[in-house]
Amino acid sequence: MDLDSQSDQLQIDQSYIREALIEAEKAAMLEEVPIGAVFVWEKRIIARGHNLRETTGDPTAHAEILVLRAASIQRHHWRLSGGTLYTTLEPCPMCAGAMIQARIDRLVFGAYDPKAGAAGSLMNLLRDERLNHQVEITTGILELECGKILKEFFQERR
């Protein structure tokens, strides 16, 4: 990829992470951990969501899981090959596993999660060659902004 296309891709990635940040803000307003995600198919957002664990009482109601479910409904298929999931925080093992099962092509995330990250911090499920599918990963997009919303959320609760 030449420098111009790298710059173009960075701008595109930043744009979609900003959309995920809007979702994270919605989660914060609900007193949910502020993590947001969007799923992009053919250069448009087909699903968006944010954490809803506290609201629903569902331990699987992570932003990424909810977005994968919504994208599957939009696509009328569980296989989401060709799509990109954008999320504000490095996914946990559950969410990374769901991305593998959905066969997404690419994950883009903002902040690293040193305590539970499964896309490079603690482990990298998405690139594990022992599994039947690997996902391309782009990290650190708007990392400061994505980390800031989480830090502020937890500081307010201490």
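Helices (H or I, at least four residues) and strands (E, at least two) are DSSP runs, numbered from the N terminus. The model is predicted: local features need pLDDT of at least 70 and side-chain atom pairs count only at pLDDT 80 or more, while totals for chains, interfaces and linings use all residues. Residues are numbered from 1 along each chain as its sequence is written, and side-chain values use heavy atoms, with hydrogens and water left out.

S1 (residues 36-41) pairs with S2 in the antiparallel sense over six bridges; two strands count as paired if DSSP finds at least two bridges between them. Within this pairing, glycine 36 has histidine 50 of S2 as its bridge partner, and phenylalanine 39 stands opposite alanine 47 in S2. The hairpin formed by S1 and S2 has two residues between the strands, and glutamate 42 takes a positive phi near 50° there. S1 also pairs with S3, in the antiparallel sense and over four bridges. The bridge partner of valine 40 in S3 is threonine 84.

These strands belong to an open sheet of five strands with mixed pairing and the order S2-S1-S3-S4-S5. S2 and S5 (136-138) are the edge strands, each pairing on one side only. Neighbouring strands of the sheet are turned by 20° against each other on average, direction ignored. Axes are lines fitted to C-alpha atoms, for helices over the stretch in contact, and angles run from 0 to 180 degrees between N-to-C directions. S4 (residues 106-111) and S5 run parallel and are joined by three bridges. Arginine 106 has glutamate 136 as its bridge partner in S5.

Helix H3 (residues 63-75) packs on the sheet, where it touches S1, S2 and S3 (84-89), and its direction makes about 140° with that of S2. Contact here means heavy atoms within 4.5 Å. Helix H5 also packs on the sheet, touching S3 and S4, and its direction makes about 60° with that of S4.

Leucine 68 is located in H3 and counts as buried at 6% relative accessibility. Apart from neighbours within four places in sequence, leucine 68 is in contact with Phe39, Leu80, Leu85, Ala98, Met99, Ala102 and Ile104. Leucine 68 and alanine 28 are 40 residues apart along the chain, and their C-alpha atoms are separated by 21 Å.

Threonine 84, in S3, is buried, with a relative accessible area of 13%. Its contacts, not counting residues up to four places away in sequence, are Val38, Phe39, Val40, Arg106 and Val108.

Two residues of S2 were examined in turn. Histidine 50 lies in S2 (residues 44-50) and is buried, with a relative accessible area of 12%. Its side chain is joined to that of glutamate 23 by a polar contact of 2.9 Å. A polar contact is a pair of N or O atoms within 3.5 Å; within protein, one must be able to donate a hydrogen and the other to accept it, and residues adjacent in sequence count only if both atoms are side-chain atoms. Not counting residues up to four places away in sequence, histidine 50 touches Glu23, Lys26, Ala27, Leu30, Ile35, Gly36, Ala61, Ala63 and Leu66. Isoleucine 45, also placed in S2, is partly exposed, with a relative accessible area of 23%. Leaving aside neighbours within four places, isoleucine 45 is in contact with Tyr16, Glu19, Val38, Phe39 and Val40. Isoleucine 45 and glycine 83 are 38 residues apart in sequence and 9.8 Å apart in space, C-alpha to C-alpha.

The axes of helix H1 (residues 3-29) and H5 (residues 143-156) come within 11 Å and cross at roughly 5°. By class, the contact has five nonpolar, no polar and two charged residues; Ala, Val, Leu, Ile, Met, Phe, Trp, Tyr, Cys and Pro count as nonpolar, Asp, Glu, Lys and Arg as charged, and the others, Gly among them, as polar.

Terms used: Buried < 20%, exposed > 50% of the residue type's maximum accessible area, 1.4 Å probe, protein only.
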